[in-house]
Amino acid sequence: MRILGIETSCDETSAAVVEETGDAAKPWAIRSNVIASQVNIHREWGGVVPELASRQHIRDICWVVEQALAESSTTWTDLGAIAVTQGPGLVGSLLVGVAFAKASAAAAHVPLVAVHHLAGHIESLVLQNGEMPLPAVVLVVSGGHTSLYLVSEPVHYELLSRTRDDAAGEAYDKVAKLLGLGYPGGPVIDRLAKTGNDRAVPLPTTRLTHADRNAPELKGDLDFSFSGLKTAVLRYVRSRSAPLTDAEIADMCASFQRIVVTALLDRLFDAARRYQAKSVGIAGGVSANSRLRGEFEERGQRREMPTFLPSLRLSTDNAAMIAAAGLRRFRQGSAAPADLNADAALAL
Ligand code: KG4
Ligand code: ZN
């Protein structure tokens, strides 16, 4: 069976066709994965402007879907279902994908499947590498999220912890902005950090020990916090009488990145030990980070724990992961009603 996936939760308009393989170990194959990025539009503003994003999705959605079908030699009648990101994300952006998916599912007489964006990121690991040994602990780390999930059985994603303030990708973007490096911050900090000294600037690490008042059901000691780190970078830059030299900027990038990567991996492997995970994974835009990928694989090898990462193309927002998560839900018997609505704060 072939499924069409549609993703418009933030600033990428994407459509993909994914097919079931019949192989239980590697259940899905990507037939096409078209991504129209709006990054050049938002760069001018230093971040995503929601109103511009939704308007651009409207301009792009038709050709992106048509291209995804054409590249995979798929017609509407070949589709067994249409999957769409219902949330979380920017509501104006989500609505474009949801409205398009509802209309096309009705016109093509195929079932509609609603997908949680983070379930898509988690399933990107399986789409890329095949099934993960369960239970698995997965870190979803992007511009909007930094959360740990326990996957004890397929389609069962249990939230273990999350950030109390900024997401890790958001911290990258904010620090890049205050260092004058432009948007998005992740890739440029990643690149500059390679030439810097990661011990040059003393920056704080945050270790939370108490439950969050807003989420008393979680123990809280696996939670993340990045706003103090961002503020420390800001104070350091402001305390200097002259602008930072290129070498000092590289040192700052390397020092910042060391703290972020260590915080992410420490919690991930703590959780893996606590929940006796048989595998670990990292998904979401920040999983493209070279230091995070390298240290993750090293730590996994040391502990003889299988590690799962998406390819660079599957790490940032894309519809192939939504199609994969949609197939998973569809096979569990979940179809969305014709009056499906976008939900900017959808819970997983
Ligand atoms: O998953 P994604 O495409 O969109 C969201 O759902 O947020 O993630 C985008 C985030 C941005 O904050 C970007 O700076 C970050 O991922 N990112 C990176 C790297 N590439 C993208 N962060 C660190 N290192 C990278 N190489
Ligand atoms: Zn995302």
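Which protein donors hold the zinc ion (ligand 2)? The legends below start there; the model is predicted.

**View 1. The zinc site (ligand 2).** The protein donors are H117 (NE2), H121 (NE2) and D317 (OD). They lie 2.1 to 2.2 Å from the zinc ion. Four donor atoms surround the zinc ion, and the angles they subtend run from 93 to 149 degrees. The arrangement is therefore irregular, because a tetrahedral assignment needs all angles between 85 and 135 degrees. For reference, the ideal angle for four tetrahedral donors is 109.5 degrees.

**View 2. Donor spacing along the chain.** The donors of the zinc ion (ligand 2) follow the pattern H-x3-H-x195-D. H117 belongs to helix 4 (residues 117–129). D317 sits in the loop between helix 10 (312–315) and helix 11 (319–331). The pair H117 and D317 therefore ties together parts that are 200 residues apart in sequence. Both H117 and D317 are buried.

**View 3. Helix 5 against helix 6.** Helix 5 (residues 168–178) packs on helix 6 (residues 185–193) at an angle of about 70 degrees. Their axes are 8 Å apart. The two helices are therefore roughly perpendicular to each other. Helix 5 contributes Y172, D173, V175 and A176 to the contact. Helix 6 contributes G185, G186 and I189. By class, the contact has four nonpolar, two polar and one charged residues.

**View 4. The buried residues of helix 6.** G185, V188, I189, D190 and A193 of helix 6 are buried. Their cover includes helix 5, helix 8 (246–274) and helix 9 (290–302). G185 and I189 also take part in the contact with helix 5.

**View 5. Two cis peptide bonds.** Most peptide bonds are trans. The bond joining G87 and P88 is cis, with omega about -10 degrees. P88 is placed in the loop between strand 4 (79–87) and helix 3 (91–108). The bond from L134 to P135 is also cis, with omega near 0 degrees. P135 is found in the loop between helix 4 and strand 6 (136–141).

View 6. Most residues other than glycine have a negative phi. H109 has a positive phi, near 55 degrees. H109 lies in the loop between helix 3 and strand 5 (112–116). H109 is exposed, with a relative accessible area of 72%. Phi of E304 is positive too, near 50 degrees. E304 occupies the loop between helix 9 and strand 10 (307–308). E304 is exposed, at 75% relative accessible area.

How values were computed
Residues numbered from 1 in each chain as written. Chains lettered and ligands numbered in written order. Predicted model: local features only at pLDDT ≥ 70, side-chain atom pairs only at ≥ 80, totals over all residues. Heavy atoms only, no water. Donors = N, O, S within 2.8 Å, 3.2 Å for Na, K, Ca; no water. Tetrahedral: all angles 85-135°; square planar, octahedral: opposite > 155°, others 65-115°. Helix = DSSP H or I, 4+ residues; strand = E, 2+ residues; numbered from the N terminus. Buried < 20%, exposed > 50% of the residue type's maximum accessible area, 1.4 Å probe, protein only. Axes fitted to C-alpha atoms, helices over the stretch in contact; angles between N-to-C directions. Parallel < 35°, antiparallel > 145°, perpendicular 65-115°, else oblique. Contact = heavy atoms within 4.5 Å. Nonpolar A, V, L, I, M, F, W, Y, C, P; charged D, E, K, R; others polar.
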